[in-house]
Amino acid sequence: MYAIDQQNDHRTQQRAKLYRDTYPSFGRWAEGYGVIQHRDETQVRVFDLCQQLLCTGRFKQIDEVLEILSAADRLASAAMWLVVHMTYSNRVDFSGSALDADDFKSNPQGHTGGSLNMVPAYVGYMVANRLAGITRSWLMGQGHCVAAIDAVNVLLQNLYPEQSERYPLSDEGLTQLARDFYSYAIADDGRPGVPLGSHVNPHTAGGMIEGGYLGFAELQYVHMPLPGERLVAFLSDGAFEEQRGSDWASRWWRAEDCGLVTPVMIANGRRIDQRSTMYQQGGLSWFYEHLEHNDFHPIAIDGRDPAAFIWGIFESEARLEACSAHIREGHMHYPVKLPYLIAETEKGYGFYGAGTNAAHGTPLPGNPGSDEHSRNLFNEHVAKLFLPRGELELANAQIAQHEADNRAPEKHHALCMRNVRLQSPIEPQWHTEGDPTSPMAAVDTRFCEWHLGNPDRRVRIGNPDELRSNRMGKTLDLLKHRVLKPEQGVAESIHGSVITALNEEAVVSAALANKGGLNLVVSYEAFAMKMIGALRQEIIFARHQKSLGRAPGWLSVPVIVTSHLWENGKNEQSHQDSAFGEVLLGEMSDIARVVYPADANSAIACLDACYQTHGQVWGMTVPKNDVVTAFTPKQAAQLVAQGALTLDKTDGAPVQLVAVGAYQLGVCQEVKRTLSKQGIQCRITYLLEPGRFRQPRDLYEQTYVSDVAARISLFPDDIRLRIFVSHLRPEILLGVCRPLDLGVDRCIAFGYRNQGGTLDTPGLLRANQSDAQSIATVVMQQINRREA
């Protein structure tokens, strides 16, 4: 507690005593409740906040504010009491009576320490909203601390319908909550059997991100709120070492297109079983200096006290608003020193074992159900947190005043209620069949048209590097790199929309966070693999929302990979990897849309389709070099609608060549010419979206995949020989498209065989035995063998 201790000097103590003596009601509040104690520094800050609130006219007397602050103390204590019960007990009793051996779980589980630390933070957020009459948004990076959110939400009945029905504010409701927590219950359809999880999930009222991948909330929060919106982002000191890029937030924040953000680090000093790197490098003193060097304004608060969080949220926003005003008046320039709250505490404060390694999970020395000593410790320490039912209801009445304030409940905060619609732009600049054109250049032009047709939508372009090299020059010139000091003659601007950093996780997070706007991500195919964690977390969360009937309303995000495997021969094999699309094909295909446009027109059609859908991630593998335009505009639209298209239906052709990828389509055309000289007729079918032809894994995917009649019209079962020529690894394609596999005697797949090096495109095809000559030879051998 170094920083806070330094601030509690003699003058602070004297001021706090003066306020307590002058205002008896303030003195009563300052005594705290249970384990919630108000240090002198927090008392002084809160008194100043009370005066500010009185000046706004929202409250007439300081006692009104103090009653709400006292309610915060009581709610925090009750929520901590409930968190511990969720970990250990099978019964919750509002009478506060001691629990017996039979009242405990046989296998207690929970991230108890972190959840206990999150309770004062989340209660502080709730009460700050009450005091301001504003519903801010919230985000929590440490998703494993969800017990804190659920406990507070249940006590306040800030719940979605499925939790509201199951967890009423009663002995029965709280008991059900405790029993459901880590119950591992499973329904008949194989889905979780209770509306509760180990991390933030779509059942969590107001939840936006699972927080299972530590570090991504840190990359996203600054890009989330639109102007006029406010966000409180709870972050983890353990995540600080997890992910590069969180210290760049001030590099991206602009008052003109960003809402108010209040990052709050819960500094409890430990990972699972070791001190975090921050503490090993010098502790919080080192971290304060680090933040200052990266254009933050660190503010220490007492992480054990909800009042400290309340003051910190108001203080952070006031400072950020003041900086914004100075910038508008020309008295300041970017970067703004973003206020950054550091809530100093110890892991698991408020219960037995605080500050120990065990506090991360289950802090008691044994299971209270079978160990009397642990049972006695449990009952002793929860008694310090207990709040009688009547006092809880009074506290709730002070805090839950949404109707009186005419504001949305926190479960419906602005950031989790996105519903984005775009105006369709002008007709695309379609390309003439047979003309060589760069598909990425076509995407570039079309994206500019989408933006110009919807200029009011905030744009985020995620760019790890080389946007212009990837043929997105028009977009770059129009929207520009976001920088702090623009270089003359370069596509840079203070207010640019292109988020450029040599860090794939940071730039994809900028686009994923901008759920109120228009987004696009462009990367080399090989290095987009670094984005998968962030994308997968988004895909899973969106899919779960859809399954609950609350499908997200944010605009689908195209993640375009180019300079891809078959175009990257000038580099070594590290640049030659098709795994990005392959991994996304493992996700549920109705949310993770994986497409391989073959030309400019099909790339335009895919982009247009993406921006007409919601809650999806489109993984688009697009060539940047010139390729022959293969599809008319009508065919391109049909291709996207069906997922595949037969280019030439040669009647009675015994061989079907199925191409996935632009260069593979060229190979198939050459194979057809070679085989026709041997008297063997072929038909060519282009497979744009392999996931449309998979065996559906659940009902949602079943409504997305091609129906049997459409599939058979494109891929007839009576074909003699089906040859896949694939951008990706052939084994993966065959596994995904299992219904199209005719068996080893009638189906052969070619693709990336993990061979590469410094080779041109023909060389890469040859190295992987996916060139026309190799394929034609195999086809001839197979036909001759069958005829023999």
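Residue numbers start from 1 along each chain as its sequence is written, and side-chain values rest on heavy atoms, without hydrogens and water. Because the model is predicted, local features need pLDDT of at least 70 and side-chain atom pairs pLDDT 80 or more, whereas totals for chains, interfaces and linings use all residues.The chain holds 30 helices and 20 strands. Both are DSSP runs, numbered from the N terminus: helices are H or I with at least four residues, strands E with at least two. Along its principal axes, the C-alpha trace spans about 100 × 65 × 50 Å. Of the 788 residues, 62% count as buried (under 20% relative accessible area, with exposed over 50% and partly exposed in between; 1.4 Å probe, protein chains only).

Two helix pairs were examined. Helix 4 (residues 40-56) packs on helix 14 (residues 306-328) at about 50 degrees, with the axes 10 Å apart. Axes are lines fitted to C-alpha atoms over the stretch in contact, and angles run from 0 to 180 degrees between N-to-C directions. Helix 4 is therefore oblique to helix 14. Angles under 35 degrees count as roughly parallel, over 145 as roughly antiparallel, 65 to 115 as roughly perpendicular and the rest as oblique. The crossing is left-handed, that is, the near helix is turned anticlockwise from the far one by less than a right angle. Thr 42, Arg 45, Val 46, Leu 49 and Leu 53 of helix 4 meet Ala 307, Ala 308, Ile 310, Trp 311 and Phe 314 of helix 14. This contact has eight nonpolar, one polar and one charged residues. Ala, Val, Leu, Ile, Met, Phe, Trp, Tyr, Cys and Pro count as nonpolar, Asp, Glu, Lys and Arg as charged, and the others, Gly among them, as polar.

The axes of helix 5 (residues 62-88) and helix 16 (residues 389-399) come within 8 Å and cross at roughly 125 degrees. Helix 5 is thus oblique to helix 16. Their crossing is left-handed. Residues of helix 5 in the contact include Glu 67, Ile 68 and Arg 74, and those of helix 16 include Glu 391, Leu 392 and Asn 396.

Pro 597 lies in the loop between strand 13 (592-595) and helix 23 (600-610). Pro 597 is buried, with a relative accessible area of 2%. Among the residues it touches are Ser 602, Cys 606, Met 620, Tyr 686 and Leu 688.

Notes
Contact = heavy atoms within 4.5 Å. Lists of a residue's contacts leave out its neighbours within four places in sequence.
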